[in-house]
Amino acid sequence: MKKFTLLLFLVALVLSCTDNQQDQTIVQKIAQANGIENFKDVKELRYTFNVRVNDTLRTSRAWTWRPQDKTATLTTPDSTVTYNYESEASQHEQTDQRFINDQYWLLFPFHLVWD
């Protein structure tokens, strides 16, 4: 009985390791299909994050992200804020939270690998 239990445990261990390796490969394939290998060459990325509820625009945030400089610029209808997200995040906490959220959804396939 002890040998059977040990054998069953070893088989389960091997199968669980195999699944993790396949998931890793799938995640990397998704990121590569979306161009993660070229992200290091990106100098500037501009995008607008809009939230619509029942055909009404609730929020609109335009971003200019310079990953090599570690800076992000948020432009809303009311203001514009530029900050260094590595050294000034604590001084711009609300802006940084929005930046993290918006770029996460923009680059979700990359975050599969980064996170």
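# Why these labels?

Modeller: Take Ala62 to start: its bridge partner in β3 is Thr75. This is a predicted model, numbered from 1 along each chain as its sequence is written. Local features need pLDDT of at least 70, side-chain atom pairs count only at pLDDT 80 or more, totals for chains, interfaces and linings use all residues, and side-chain values use heavy atoms, with hydrogens and water left out.

Colleague: What makes β2 and β3 a pair?

Modeller: Two strands pair if DSSP finds at least two bridges between them. Five bridges join β2 to β3, so the pair qualifies. The two strands run antiparallel. Strands themselves are DSSP runs of E with at least two residues; helices are runs of H or I with at least four; both are numbered from the N terminus.

Colleague: What lies between β2 and β3 in their hairpin?

Modeller: Four residues. Lys70, in that turn, has a positive phi of about 65°.

Colleague: Why are β1 and β4 called edge strands?

Modeller: The open sheet has four strands in the order β1-β2-β3-β4, with antiparallel pairing. β1 and β4 (80-84) each pair on one side only. On average, neighbouring strands are turned by 20° against each other, direction ignored. Axes here are lines fitted to C-alpha atoms, for helices over the stretch in contact, and angles run from 0 to 180 degrees between N-to-C directions.

Colleague: What lies across the strands, and at what angle to β2?

Modeller: Helix α2 lies across β1, β2, β3 and β4. Its angle to β2 is about 90°.

Colleague: What makes Asp102 and Arg61 a salt bridge?

Modeller: The term needs a side-chain nitrogen of Lys or Arg within 4 Å of a carboxyl oxygen of Asp or Glu. Asp102 and Arg61 meet at 2.8 Å, N to O, so the label holds. The pair links distant parts of the chain: Asp102 sits in helix α2 (residues 93-106), Arg61 in strand β2, 41 residues apart.

Colleague: Why is Asp102 called buried?

Modeller: Buried means under 20% relative accessible area, exposed over 50%, partly exposed in between (1.4 Å probe, protein chains only). Asp102 counts as buried because its value is 1%. Arg61 is buried too, at 11%.

Colleague: How do you know that Lys40 and Asp41 pass as a salt bridge?

Modeller: Their N to O distance is 3.9 Å, so the pair is inside the cut-off. Lys40 is exposed, at 59% relative accessibility. Asp41, at 48%, is partly exposed.

Colleague: What makes Arg66 and Glu44 a link between parts of the chain?

Modeller: These side chains form a salt bridge at 2.7 Å, N to O. Arg66 lies in strand β2 (residues 56-66) and Glu44 in the loop between α1 (2-33) and β1 (45-53), so the pair ties together parts 22 residues apart in sequence. Arg66 is partly exposed at 27%, and Glu44 is partly exposed at 33%. The whole structure has four salt bridges.

Colleague: Which residues have the most contacts inside the largest nonpolar core?

Modeller: Trp63, Trp65, Ala72, Tyr85 and Phe99, in a core of 13 residues. Such a core is a set of buried Ala, Val, Leu, Ile, Met, Phe, Trp, Tyr and Cys residues joined through side-chain atoms within 4.5 Å. β2 and β3 (71-75) are the elements that give two or more residues to this core.

Colleague: What does Trp63 touch?

Modeller: Contact means heavy atoms within 4.5 Å. Setting aside residues up to four places away in sequence, Trp63 touches residues including Leu45, Ala72, Phe99 and Asp102.

Colleague: Why is Ile36 called buried?

Modeller: Ile36 has 19% relative accessibility, so it counts as buried. Ile36 sits in the loop between α1 and β1. Beyond four places in sequence, its contacts are Ala31, Phe110, Val113 and Trp114. Ile36 and Phe110 are 74 residues apart along the chain, yet their C-alpha atoms are separated by 6.2 Å.

Colleague: Is His111 buried or exposed?

Modeller: Buried, because its relative accessibility is 9%. His111 belongs to helix α3 (residues 108-114).
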